[in-house]
Amino acid sequence: MTMITHHLSDQLLMAYSAGTLPEAFNLVVATHISLCDECRARMASFDAVGGALLEDAHAEMATDSLANVMARIKAADPVVKPNATARDTLLPTPLVDAIGGGLDKVQWRAVGGGVRQAILKTSDKATARLLHIPGGAAVPDHGHQGLELTLVLQGAFRDDDGHFARGDIEIASEEVEHTPIAEPGMDCICLAATDAPLKFRAILPRLAQPFLRI
Ligand code: ZN
Ligand code: ZN
């Protein structure tokens with residue numbers, strides 16, 4: 001049984017429920033919800049509020065704008081079931097769907113320092129990637145121009161904001177500059193989504209950035 005201590009914010013849950021997040025963020029939110037009873041319950045209440053607001057709005061809304069809202073809600077598919085996949089115990093169902101299989105289907109690319117990543121196919125408004133960080137290794141020190149969500153799938157990492165293990169989510173905004181370090185003993189696998197290129201401090205990662213799309 002996993003103890004999740006770092007959860008989604010209300011803002012993210014509401015945006016997910018309203019269907020306004022880029023696909024890459026939807027994937028991280030859906031994956032966390034599939035692992036986290038607490039956020040699944042909070043999401044259900046946001047969905048209920050959203051449904052009630054929509055009913056109130058029926059009378060005044062033009063038919064085409066209602067159709068738009070309904071299409072958005074349908075596209076976002078906020079119904080996430082608890083993780084119950086038998087195919088892969090490490091990857092929750094939304095991720096298995098996004099990858100089209102288990103971890104053996106992932107095409108890793110080395111990004112230096114033993115760290116590997118795989119970019120997942122989503123719309124280009126934001127980027128979703130799997131990160132594989134050897135135990136004890138660090139992701140290069142970087143700041144953010146936008147929002148970065150990092151969800152731990154295996155192992156754990158630590159940075160100035162705390163300790164993050166399976167199911168935990170780190171929400172890093174523009175002010176955050178951090179060096180996540182995988183806890184020794186086990187490789188850390190994370191799902192991360194970013195909506196803007198990361199700002200690396202060291203010159204080398206910065207040169208490599210256009211090629212790695214990070
Ligand atoms: Zn949660
Ligand atoms: Zn970061």
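Author: Asp37 is an exposed residue, its relative accessible area being 51%. The cut-offs behind that word are over 50% for exposed, under 20% for buried and partly exposed in between, computed with a 1.4 Å probe on protein chains only. The model is a predicted one, in which local features need pLDDT of at least 70 and side-chain atom pairs count only at pLDDT 80 or more, whereas totals for chains, interfaces and linings use all residues. Residues are numbered from 1 along each chain as its sequence is written, chains are lettered from A and ligands numbered from 1 in the order in which they are written, and side-chain values use heavy atoms, with hydrogens and water left out.

Reader: With which residue does Asp37 form a salt bridge?

Author: In general, side chains of opposite charge can pair when their charged atoms come close. The criterion here is a side-chain nitrogen of Lys or Arg within 4 Å of a carboxyl oxygen of Asp or Glu. The partner of Asp37 is Arg40, with 2.3 Å between the closest N and O atoms, and Arg40, at 18% relative accessibility, counts as buried.

Reader: Where do Arg40 and Asp37 lie?

Author: Helices here are DSSP runs of H or I with at least four residues, and strands are runs of E with at least two, numbered from the N terminus. An α-helix has 3.6 residues a turn, so residues three or four places apart point the same way. Arg40 and Asp37 are both in helix 3, three residues apart, which is about one turn of the helix.

Reader: How many salt bridges does a search of the whole structure find?

Author: The search finds three. Another of them joins the side chains of Arg42 and Asp10 at 2.6 Å, N to O. This pair links distant parts of the chain, 32 residues apart, with Arg42 in helix 3 (residues 37-57) and Asp10 in helix 1 (residues 10-18). Arg42 is partly exposed at 22%, and Asp10 is likewise partly exposed at 38%. There is also a salt bridge between Arg158 and Glu183, whose closest N and O atoms are 3.2 Å apart. That pair, too, links distant parts of the chain: Arg158 lies in strand 6 (residues 156-159), and Glu183, 25 residues away, lies in the loop between strand 10 (181-182) and strand 11 (188-194).

Reader: What is the strand order in the open sheet of three strands?

Author: Two strands pair if DSSP finds at least two bridges between them. The order is 7-6-10, with antiparallel pairing. Strand 7 (162-165) and strand 10 are the edges, each having a single partner strand, so that one side of each is left without a neighbour in the sheet. Four bridges connect strand 6 with strand 7, and Phe157 has Phe164 of strand 7 as its bridge partner.

Reader: How do strand 1 and strand 2 relate to each other?

Author: They form a hairpin with two residues between them, and in its turn Gly113 has a positive phi of about 65°. Strand 2 spans residues 115-120, and its antiparallel pairing with strand 1 runs over three bridges. Gly112, in strand 1 (residues 109-112), has Val115 as its bridge partner in strand 2.
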